[in-house]
Amino acid sequence: MKSPQDMRIIQIDITNACIHKCSNCTRFCGHHKKPFFMDWETFEKAVNSLKGYQGTIGIMGGEPTLHPEFERFVRYIKQHPYFPKGENLLVSPTKEFMNVLGRMEQRDTRISYERGIKKTLVYGWGLWSALSNKYKEHYELIQDTFNMQAVNDHRNTMYHSPIMLTRREMGIPDEEWHHIRDNCWAQDTWSATITPKGAFFCEIAGALDMLFGGPGGWPIEPGWWKRTPDEFGDQLKWCEICGIAINTFTRDANDETDDMSPWYYEKLKELDSPKIKREGMVNVLKINEDGTINEESRKDVKEIRHSLYYDSWFSRFSKGNNWLNPIGFAGIFVIRNAQEARKSLEAVSRSADCVDHIMVGTDDQEAYEIMSEIYKESETVKVVQSEKNTWGSILNKILSNSNSEYFFLLLNSETKLQAGCSDFLKQYVLNPGSILVGDERNEMGKEIGENIDFIFSPLAYALKKAGYPQITLMENKEDFIGLWEENKILPISRETFMENKYRIEPNVKYALYGAGATANYLYDQFEEQNIICVADSDCNKWGTEFHGHRIMSPDELFQKRGDFDKVFIASNFFFEIKTKLLKIGFEEQTIVSTLVVI
């Protein structure tokens, strides 16, 4: 077993409320009659107690973004950056959310040798999220804060081992059990945790304590995480009723079926578990006299997995998943007088076919009458009038009468939107905290249009911080743009929309790691002389050829490291491969990656 200080991650479990009821969930979601939500005082103590810990401090659930005080919690940890947040690449638009997320995680991955123990980790704050609508609502804050995100859209197979299984029902004697328990792969690989009831050496122990109304954990105080295994004491009793260390099988989490022993079934019935009552959500295991699980109980199960509960890093967010993309775009016109209204009629008319909706706002009565008369029957153009005569008051009136989930394009009489510009923009995940500002270059004229003032979301923190009163006082668009932090003001340009997936440097000698579809796709991007050798993790490929290069093993690649400058990972499994290369001795600065999904 490990002391929490030697673990890569310590979690703060802020809730067990969740949008899913995964098979064999480590938090037993679906079995609680009422979910918990950690109170502010406990969260504050939890954060403060972890000062000095070298690793990732995770915010977890359930689904943590469901906590009603999630924003307050995250703003508090931003004030306690035990490790600074790296550059936020997700301020820019992206078609490949996971690629960029992975690039940031890869950049912030380090090797620690604290206390003489080598561990590969990401320093700083981490978020474990099943991607609820609340994640989308807090997108800007999340990207501003977390160095690591274990996001999961639950669209692919996840391999979850049965937890609700006791070693005594399996007939495991003490001597054998103590060896299994003390070498538990989950405690070795995963996390210690803090729950509303205290601190625990193991996240599953903390969840069991919550489920069964246990005595609670250690006091949440500075340095609690320095306890060593000989100090775990009574907390080890939870291991007696945890089956994750026993080699049984796994089940796809998306089945939402819990595998459990007869003892667990009876205990959960006593607790009046909601999931027990639902047909088809429980598989009561039949255990043979020799301690094996009867084959009848193993229907639809999968092979045992340790640590890696998904097929690849990228499978946690399915390619083609557009859930984070904008649902719509509205063009808006701020008009101050009748002359401007007449001048804008053509722009309003032609823009209406290019976006999902048009909002026209004015503080002038004659301008309002002109626009209202023309568009009174329109389903796509809406006209509103502000009672106050400032530029900002008109904008406020428009925003208060619009769908806040839309992104808005501020347009003018010279604007010429490109047909299909809304469809073009919907291909991208846009950070609602960024504002995209037009400039004289009009580089995106063919894709979006010309003479666009700016594109923004009403959910931007810059607007929430300013509030309607301050916006009302603004006299022009320059005042409005000034609300944003400099790094979140981006030009509507090729550079902003360019996916910088990889960079192949001239005059650098590369070892290409990967001999599959991604490597084949990228091979022509290299000059022939740049590739010195090729390696792959698949032993079946060793000794065969890839574009004339003999494919070697990772160990042979390490032996030949003097022949090349950098290892270029050409695989979707970049994070797993990088971790492997670091473990066998490669220096981090010599490892680069494609981060391309094929």
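Entry 1. I am working with a predicted model, where local features need pLDDT of at least 70, side-chain atom pairs count only at pLDDT 80 or more, and totals for chains, interfaces and linings use all residues. Residues are numbered from 1 along each chain as its sequence is written, and side-chain values use heavy atoms, with hydrogens and water left out.

The terms for this entry come next. Helices (H or I, at least four residues) and strands (E, at least two) are DSSP runs, numbered from the N terminus. An axis is a line fitted to C-alpha atoms, for helices over the stretch in contact, and angles run from 0 to 180 degrees between N-to-C directions. Angles under 35 degrees count as roughly parallel, over 145 as roughly antiparallel, 65 to 115 as roughly perpendicular, and the rest as oblique.

I then listed the contact (heavy atoms within 4.5 Å): W40, F43, E44, V47 and N48 come from α1, and R72, F73, Y76 and I77 from α2. Sorted by type, the residues of this contact are six nonpolar, one polar and two charged. Here Ala, Val, Leu, Ile, Met, Phe, Trp, Tyr, Cys and Pro count as nonpolar, Asp, Glu, Lys and Arg as charged, and the others, Gly among them, as polar.

Entry 2. I looked up a second pair, helix α13 (residues 391–400) and helix α15 (residues 461–472), whose axes come within 7 Å and cross at roughly 130°. That angle makes α13 oblique to α15. On the α13 side I found G392, S393, L395, N396, L399 and S400, which meet Y468, I471 and T472 of α15. This contact divides into four nonpolar, five polar and no charged residues.

Entry 3. Next I turned to salt bridges. Side chains of opposite charge can pair when their charged atoms come close. The rule asks for a side-chain nitrogen of Lys or Arg within 4 Å of a carboxyl oxygen of Asp or Glu, and by it the count is 36 salt bridges. I picked out some of them.

E443 pairs with R441, with the closest N and O atoms 3.5 Å apart. For exposure I used relative accessible area: buried is under 20%, exposed over 50%, and partly exposed in between (1.4 Å probe, protein chains only). E443 is partly exposed at 28%, and R441 is partly exposed at 49%.

E447 and R494 meet in a salt bridge at 2.9 Å, N to O. E447 lies in the loop between β18 (435–437) and β19 (449–450) and R494 in helix α17 (residues 494–497), so the pair ties together parts 47 residues apart in sequence. R494 is partly exposed at 40%.

K578 and E588 form a salt bridge at 3.2 Å, N to O. K578 is in helix α20 (residues 574–584) and E588 in the loop between α20 and β27 (591–593), so this pair ties together parts 10 residues apart in sequence.

Entry 4. G61 and G62 are joined by a cis peptide bond, with omega about 20°, and G62 is in the loop between β2 (56–60) and α2. H154 is not a glycine, yet its phi is positive, near 55°. H154 sits in the loop between β6 (148–151) and β7 (159–160) and is buried at 15%. D300 also has a positive phi, near 65°. D300 lies in the loop between β12 (282–284) and β13 (329–335) and is exposed at 54%.

Entry 5. Last, I looked up P196, in the loop between β8 (191–195) and β9 (198–200). P196 is partly exposed at 28%. Leaving aside neighbours within four places in sequence, P196 is in contact with D13, F36, M38, T42 and M210. The C-alpha atoms of P196 and S312 are separated by 33 Å, and the two residues are 116 apart along the chain.
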